[in-house]
Amino acid sequence: MELKQLSNQIYYNLKLSQYGKEKEFITKCFQNHLENQFYTVKLRLHVIDSLYSTQMNKRYYGIEELAESIAQYSDEILIEEAQKVLIGKYSEILEALFSNKYGYNSIAQKQKKAVSLISKYLYFLTDYQFPIYDSLVKIAYPKVILQYNLKTEYLKITDANFLKALSHLNEVSGINNFEKLDNYLWYSQKVANKSYSLIYSKEDHLSMIRIKN
């Protein structure tokens, strides 16, 4: 099966899965606004961090500091900046957000950025049309390049090149849809790891467990 056709099939299957339900829940959070932008952003980050396991809550003051940085800008401005970088233009705002470090470790040192969580935030803010960068995508990316013999100058993805690498993969794969691309990369690794809790509905997953036992 061609990659584009397979990505379409996975996309429609995931709509009915537990993943699809949680994704819809996060989307609802992005459709509502609290009394100020900081509270709105902080709520969204907490929900994404919880359901997508980005581990930001393990850092002291991590979500709070990231929310303060993002809340400086309206949703409309961030959407414009996201669209800019996807066509190769420079965004000082996104460069700062992705480059800064947020939160502290157990000895009160700043050590980590928040590329994964920010990319997921922009994914939902742009109606799923921004590339997600996380551990599963990082593993899946070189595999799909080799499996489908895709021509790209980026053999692996990093914090620094993920926008260009995933944008190029989106194009050369023929998928041309970041939502479907992310679904495919994420799903492929969930299956490879035999982790089925999200890729099926609750009923189907529990049925599988009962059959095994």
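Are Asp 75 and Arg 44 buried or exposed? I looked this up and found both Asp 75 and Arg 44 buried; buried means under 20% relative accessible area, exposed over 50%, and partly exposed in between, with a 1.4 Å probe and protein chains only.

Before going on, I noted that this is a predicted model, in which local features need pLDDT of at least 70 and side-chain atom pairs count only at pLDDT 80 or more, while totals for chains, interfaces and linings use all residues. Residues are numbered from 1 along each chain as its sequence is written, and side-chain values use heavy atoms, with hydrogens and water left out.

**Salt bridges**

I took a salt bridge as a side-chain nitrogen of Lys or Arg within 4 Å of a carboxyl oxygen of Asp or Glu. The count comes to five salt bridges. In one of them, Asp 75 pairs with Arg 44, with the closest N and O atoms 3.0 Å apart. Asp 75 is in helix α5 and Arg 44 in helix α3, so this pair ties together parts 31 residues apart in sequence. Helices here are DSSP runs (H or I, at least four residues; strands are E, at least two), numbered from the N terminus.

I then looked up Glu 65 and Lys 110, whose side chains meet in a salt bridge at 2.4 Å, N to O. Glu 65 lies in helix α4 (residues 62-70) and Lys 110 in the loop between α6 and α7, 45 residues apart. Glu 65 counts as buried at 17% relative accessibility, whereas Lys 110 counts as partly exposed at 34%.

Glu 81 forms a salt bridge with Lys 84, the closest N and O atoms being 3.4 Å apart. Both lie in helix α5, three residues apart, about one turn of the helix. Glu 81 counts as buried because its relative accessibility is 10%; Lys 84, at 29%, is partly exposed.

**Pockets**

I searched for pockets on a 1 Å grid over the protein atoms alone: a pocket is an open set of points with protein on both sides within 12 Å along at least five of seven lines, and lining residues have an atom within 4 Å of a point. A volume is the space filled by probe spheres set on the points, which are joined across faces, edges and corners.

The largest pocket has a volume of about 760 Å³. It is lined by 35 residues, and the closest to its centre are Ser 53, Thr 54, Gln 55, Ser 116 and Asp 134. I noted that α7 gives the most to this lining, with four residues.

The second largest pocket holds about 500 Å³ of space. Among the elements that give two or more residues to its lining is α9 (162-172).

Notes: 1 Å grid on protein atoms, 1.4 Å probe; cavity = no way out; pocket = protein on both sides within 12 Å on 5 of 7 lines; lining within 4 Å.
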